[in-house]
Amino acid sequence: MKSRVDALAARGVRPGLAAVLAGNDPASRVYVRNKARSCEQTGLHSETHEFPEDVSEAALLERVAQLNADPRVHGILVQLPLPRHLDAAPVLAAVSPAKDVDGFHAMNLGALLQGRPGFVPGTPAGVMRLLEHAGVALAGRNATIVGRSTIVGKPLALLLLQKDATVTICHSKTKNLAAVTRQADVLIAAAGRAKLITAGMVKAGACVIDVGINRLADGKLAGDVEFESVSAVAGSITPVPGGVGPMTIAMLIVNTVRAAELSIA
Ligand code: NAP
């Protein structure tokens, strides 16, 4: 992104990302810190707006409104999850769609559904970029996603459909998960269940993308895929940590730079 950041600098614009962080969730703090560090490494301006665990919805809405109006800020991310007493929906809806670099606003998710331009959420966009970079064929092939969340599974299904894959979405009520996943040429695990996908659930030579980030009892991070055994069967596989996680941040930066470009277009 550096060349695009330099081109913006020549026009007097420095892309800016504002993170809204409410409460004390340790993982959220790490994610926001990593995002800020990546912004700085790429030459973006970054700022973090911290709020205590007992913050009110009104206080968050007021800050989002200020950030919507701030010309130094091109992208706004509201780090999820919000504290338990808050509903994320009104806060996400308050972010200007033009600054919604997480792609969670209904306008941007709707654009994705309709195949129109908009901001695509970072994790599914990052998965697509990995597949493209690795030259994984999608047209006419079976792509199976385990997980149907609004931030990963559902948008990813739409992106894979756009590339002409035959898409299957599995979830916690799916019967005989292994029989379904064994049909996949491209298998994407996004369930948030450590080591859910074992070697017997994977077709020989399949491309396996592991979105899951799970904290084990011993403090170590694990994906949704049992990496050791599945690597022996899969044609290609992404690790955790690594793999999709850094791509999510990279795509957030892509979206923020694009938001800055669009702001002066
Ligand atoms: P989520 O909202 O909890 O959704 C999990 C999905 O997995 C749900 O659709 C759930 O089904 C399904 N599921 C759960 N257990 C299952 C099982 N045993 N069999 C089949 N399906 C099952 O989670 P999320 O936010 O999408 O995140 C998923 C994982 O990705 C988490 O580990 C998260 O930490 C990670 N993540 C990583 C990144 C990254 O940057 N790498 C970004 C976002 C999330 P139901 O709908 O039926 O409940």
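Helices (H or I, at least four residues) and strands (E, at least two) are DSSP runs here, numbered from the N terminus. The model is a predicted one, so to speak of local features a pLDDT of at least 70 is needed, and side-chain atom pairs count only at pLDDT 80 or more, while totals for chains, interfaces and linings use all residues. Residues are numbered from 1 along each chain as its sequence is written, and side-chain values use heavy atoms, with hydrogens and water left out.

Most residues other than glycine have a negative phi, and most peptide bonds are trans. Aspartate 164 is another non-glycine residue with a positive phi, about 70°; it sits in the loop between α7 (153-162) and β5 (166-170). As for cis peptide bonds, one runs from leucine 80 to proline 81, with omega near 0°, and proline 81 belongs to the loop between β3 (75-78) and α4 (88-94). Another joins valine 240 and proline 241, again with omega about 0°, and proline 241 is in the loop between β10 (236-237) and α10 (244-263).

Next, the empty space. Rolling a probe the size of a water molecule over the atoms shows where empty space is left. The search uses a 1 Å grid over the protein atoms alone: a cavity is a set of points where a 1.4 Å probe fits but cannot get out, a pocket is an open set with protein on both sides within 12 Å along at least five of seven lines, and lining residues have an atom within 4 Å of a point. Grid points are joined across faces, edges and corners, and a volume is the space filled by probe spheres set on the points.

The largest pocket has a volume of about 1,200 Å³. Its lining is made of 43 residues, with Tyr31, Thr123, Val211, Ile213 and Thr248 nearest the centre. Two or more lining residues come from each of α2 (26-42), β3, α6 (122-133), β8 (214-215) and α10. By type, the lining splits into 24 nonpolar, 13 polar and six charged residues (Ala, Val, Leu, Ile, Met, Phe, Trp, Tyr, Cys and Pro count as nonpolar, Asp, Glu, Lys and Arg as charged, and the others, Gly among them, as polar).

The second largest pocket comes in at about 520 Å³. It is lined by 23 residues, and Val120, Ala125, Met128, Leu159 and Gln162 lie nearest its centre. At least two lining residues each come from α5 (106-114), α6, α7 and α10, and α6 gives the most, with five. This lining holds 13 nonpolar, five polar and five charged residues.

The elements giving two or more residues to the lining are β1 (16-22), α2 and β2.

Now for the charged pairs. Four salt bridges turn up in the whole structure (a salt bridge is a side-chain nitrogen of Lys or Arg within 4 Å of a carboxyl oxygen of Asp or Glu). One of them joins arginine 4 and glutamate 261 at 2.8 Å, N to O. That pair links distant parts of the chain, with arginine 4 in helix α1 (residues 2-10) and glutamate 261 in helix α10, 257 residues apart. Arginine 29 and glutamate 50 meet in another, at 3.2 Å, N to O. Here arginine 29 lies in helix α2 and glutamate 50 in strand β2, so the pair ties together parts 21 residues apart in sequence. Lysine 203 also bridges to aspartate 185 (2.8 Å, N to O). Aspartate 185 is buried, with a relative accessible area of 14%, whereas lysine 203, at 32%, counts as partly exposed.

Conventions: Buried < 20%, exposed > 50% of the residue type's maximum accessible area, 1.4 Å probe, protein only.
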